[in-house]
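Please look over the sequence and the structure shown here before reading the report.

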Amino acid sequence: MTTTTSAVLLGTAELAADLGAWAGSRDRRILEVDEDTDAYGRGHLPGALAVHWRDDLQNPVRRDFIGREAFAALMDRLGVGNDTQVVLYGGNSNWFAAYAYWYFRFYGHQQVRLLDGGRKTWELEGRPLTTEVPEPAPGHGYRVGGPAEEIRALRAQVLAAVGNGDSAALVDVRSPEEYRGEVMAPPHLPQEAAQRPGHIPGAANIPWAKAVDPDKGTFLPASQLRSLYEGQGLTPDREVIAYCRIGERSAHTWFVLHELLGYPRVRNYDGSWTEWGSLVGVPIERGDRR
C-alpha cells in the first residue's frame, strides 16, 4: 500500500488560502473534535462544526462506538454527504480528531483528511478563529460503507498476538509511566477506568507524541517516523496492533502507521487498557520491557 500525504493531510496554509470555499461550500466540511469539549465554544475555525467525541461518537449505553444508523444520522445532521470532503482537527495535536478520522475510515468515508498540527498549529500561526456557529443544511440519506473490520482489533485478536511475535507486533502508545504501571491514566485525567495497571506482554512502548513536533504540533517527516517505529521492530511487513487507554491516542498512531507511512496491516485496539486491564485471567506485565 502506498499513501500520498496530500490524500490524508491538509496543511494549515493550504486550508487558510481556501478558507472561504471550505466555510461556504456544501461539498466541504470542517469538523472540530476536541478532548476539551468546551474549546469549540471559546473559538474555532471559521465554518467549523463541533463533534463531541463522547456524545456523538460513543454508544450511550454499552462500551462501543456508534453503529451504522447512528453514524449516518450524525452525517446527515452535519450536512455531510458521501462525497463531501471533510477535514478534521482538534487540540493536543489532533488526539481526538485522529480518533474521529479512524471512525470515518471504519465506516467507509473516503474524502477525509486531518489538518496537520490541528488547533495548536493554527493558533501558533495567528490564523482566524470565531465563535459564530454555522447552520448548514442537513443532509438526507447518507449511505454508510464498511465496516472496515481490518483496521480494528478486538480482544480475541490481541490475546492471540500475545507471546506470538509472528502473529502481530503490539505497540503501547501511552506514556512510559502508564506503560510501567505506575499510573492508570495521564495526570490530567482521573486515575481510574481499569482494575489493574501495566501493559500487554510483548508490547513496545512508543508514546504517540513522539510522532509530532513538540513545538509546532505537526507530524514529523516520514523519514523520522520510519526510524522511530522500525527502530523498535515495527516494520511494514508485520501486522501492528496499537492500543492506549480508550483508543484515541492509538488511533493517532494508527493514522501515522497506516495513513502516513502506508503500513498495510495496522489495527487500532479501541478497547485498549480500560478493557484489557479489567479482564479476568489475561496476562499483564509491569515495569520496562526487557
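Predicted model: local features only at pLDDT ≥ 70, side-chain atom pairs only at ≥ 80, totals over all residues.

Residues are numbered from 1 along each chain as its sequence is written, and side-chain values use heavy atoms, with hydrogens and water left out.

Five strands, given as 5 in the order β1-β5-β4-β2-β3, form an open sheet with parallel pairing, and its edge strands, β1 (9–10) and β3 (48–50), each pair on one side only. Strands are DSSP runs of E with at least two residues, helices are runs of H or I with at least four, and both are numbered from the N terminus; two strands pair if DSSP finds at least two bridges between them. Strands β2 (residues 28–32) and β4 (residues 85–89) pair over 5 bridges, and Tyr89 in β4 is the bridge partner of Glu32.

Ile200 lies in the loop between α9 (176–180) and β7 (204–205). Ile200 counts as buried because its relative accessibility is 0%, where buried means under 20% relative accessible area, exposed over 50% and partly exposed in between (1.4 Å probe, protein chains only). Beyond its neighbours within four places in sequence, Ile200 is in contact with residues including Tyr243, Trp273 and Trp276, contact meaning heavy atoms within 4.5 Å.

The elements named above have these residue ranges.

| Element | Residues |
|---|---|
| β2 | residues 28–32 |
| β4 | residues 85–89 |
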